[in-house]
Amino acid sequence: MELAREVVATMDVVVTEAGRQASDSTARPLEGFRDRLRVLSSQAAAHESKSRGHGRPCSEMVAEVLGTGGDVRLAIAVGLKEAGAPDFELNLNGPKGVKQALAEEDCEFKAALLQALRWRLKRRSGAARRRALSLYVEADVLDTQGGDALFASLLRSSLARQAEQFARLLECMSGEPEGRGYLMSANGHLIRELVKELVTVENDTPRRRALLQALQQCSRRSSVQLAAVQGGVVGWVVEHLYAHADTMSEQSAEHMTALLVNLAQHAAGRHACAALKDRLVPLLADMLEHESIRVREYVHGVLYALLKQPDCMAVAQGIGLEEVLEALLQVNKAQGLVTHARQLSLVLQRVREEEPPEPTPHTDSDDEPPPVSPAKNAGSPSKSPTKRGDKETGGGE
């Protein structure tokens, strides 16, 4: 209960001080903030209890990772960024700071710290989020300069909650160009470790979905595409879509098909897909009527890329894909789905070998391609979407 008592003792002082400096409109949200902290204090007590026997006490570690104050304010300083709540700098790279805490033995506190580091990004927007991420990168919180040892240990933690929180932090970091660049450091070892772990996960869990989205967003770059292909990701995705496309979560189906779009931009990815043509092309034909609009768009994009492969084209013609596309094109036109109708028309032209004008081809360099809007690009029916404010393309949501 030590950590819980320290949080309770601290929170009233901090919230009261913030209230003195706040306007009436800001003071009201602080009441909700106070309630959130009280809930967290009870959770902290549970973490304290679970962590006994796993290295140093949670309360000692919490006090050390804070850069100012020296008391137990992790929830305030890192995670609970509410309206009017005070904010503090973190001891990211100093003695007994965040990086050193992450290198400690697995414990519930590390899971809470990883969650808080993610919240510090998610609960900010625009320049504030990018600045927070830049501080992580500058401090090298995952110790990439020391290799991939810390990354691998966090990725494969024996504590399920800690492993999930790390996966969700990676997902959050990969949403920004600087975060993707950071995850590609250490000569690509981090990405290879991520790929190696992802293809071993069978169940459709939040952790797997987070790892999948992190890889999908990083796969905008050619070196990541190649690492994913060499790590067997194409076969893994095809196997899971073939077996579970109708039962997996919509989020997983979207991330997997978006990842295939990106991998199909690389020659090695297209060759890997062609090797699975007898299973993949009929699978994509079935998924043309998937209930998710995004999945259908990504399927259009994968088909468009693969039908340049003679082997894939032969399978498409053998299963009557042209007739399927013609029927769906009429349905989409009747329903007023203009973008889908245009995409289907482009895929249909490729099946008929009536080539539309090609955009500038994507080379196998490590530069991320320029932004492409599916609704405006005449030469490609679908690209994985770009986040607002992100000047790179090819990743997912």
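In this predicted model, Leu280, Leu284 and Met287 of helix α17 meet Val295, Arg296, Val299, Val302, Leu303 and Leu306 of helix α18. Sorted by class, the contact of α17 with α18 comprises eight nonpolar residues, no polar residues and one charged residue. The two helices pack at an angle of about 145°, and their axes lie 9 Å apart. The crossing in which α17 passes α18 is left-handed.

Helix α17, which spans residues 277–287, also takes part in a pairing with helix α14, residues 233–244. Here the axes come within 10 Å and cross at roughly 50°. An angle of roughly 50° falls between the range under 35 degrees that counts as roughly parallel and the range of 65 to 115 that counts as roughly perpendicular, and α14 and α17 are therefore oblique to each other. This crossing, too, is left-handed. On the α14 side the contact is made by Val238, Leu241 and Tyr242, while α17 contributes Arg279, Leu280, Leu283 and Met287. These residues of the contact of α14 with α17 divide into six nonpolar, no polar and one charged.

Helix α18, residues 293–306, can be followed onward to helix α15, residues 250–263. The axes of α15 and α18 come within 8 Å and cross at roughly 20°. Because angles under 35 degrees count as roughly parallel, α15 is roughly parallel to α18. The crossing of this pair is left-handed. From α15, the residues that make the contact are Ala253, Glu254, Thr257, Ala258, Leu260 and Val261, and from α18 they are Arg294, Val295, Tyr298, Val299 and Val302. By class, the contact of α15 with α18 holds eight nonpolar residues, one polar residue and two charged residues.

Ser219 is located in the loop that links α12 (206–218) to α13 (222–230). With a relative accessibility of 0%, Ser219 counts as buried. Its side chain reaches the backbone oxygen of Gln216 at a distance of 2.6 Å. When neighbours within four places in sequence are left aside, the contacts of Ser219 are with Val224, Gln225, Leu259, Asn262 and Leu263. Of these partners, Leu259, Asn262 and Leu263 fall within the residue range of α15, 250–263, and Val224 and Gln225 fall within that of α13, 222–230.

Asp143 is placed in the loop between α7 (126–139) and α8 (149–155). At a relative accessibility of 30%, Asp143 counts as partly exposed. For Asn187, phi is near 55°, again a positive value in a residue other than glycine. Asn187 is found in the loop between α10 (177–183) and α11 (189–198). The relative accessible area of Asn187 is 69%, and Asn187 is therefore exposed.

Note on methods:
Residues numbered from 1 in each chain as written. Predicted model: local features only at pLDDT ≥ 70, side-chain atom pairs only at ≥ 80, totals over all residues. Heavy atoms only, no water. Axes fitted to C-alpha atoms, helices over the stretch in contact; angles between N-to-C directions. Helix = DSSP H or I, 4+ residues; strand = E, 2+ residues; numbered from the N terminus. Parallel < 35°, antiparallel > 145°, perpendicular 65-115°, else oblique. Left-handed = near helix turned anticlockwise from the far one by under 90°. Contact = heavy atoms within 4.5 Å. Nonpolar A, V, L, I, M, F, W, Y, C, P; charged D, E, K, R; others polar. Buried < 20%, exposed > 50% of the residue type's maximum accessible area, 1.4 Å probe, protein only. Polar contact = N/O pair within 3.5 Å; in protein donor to acceptor, adjacent residues only side chain to side chain.
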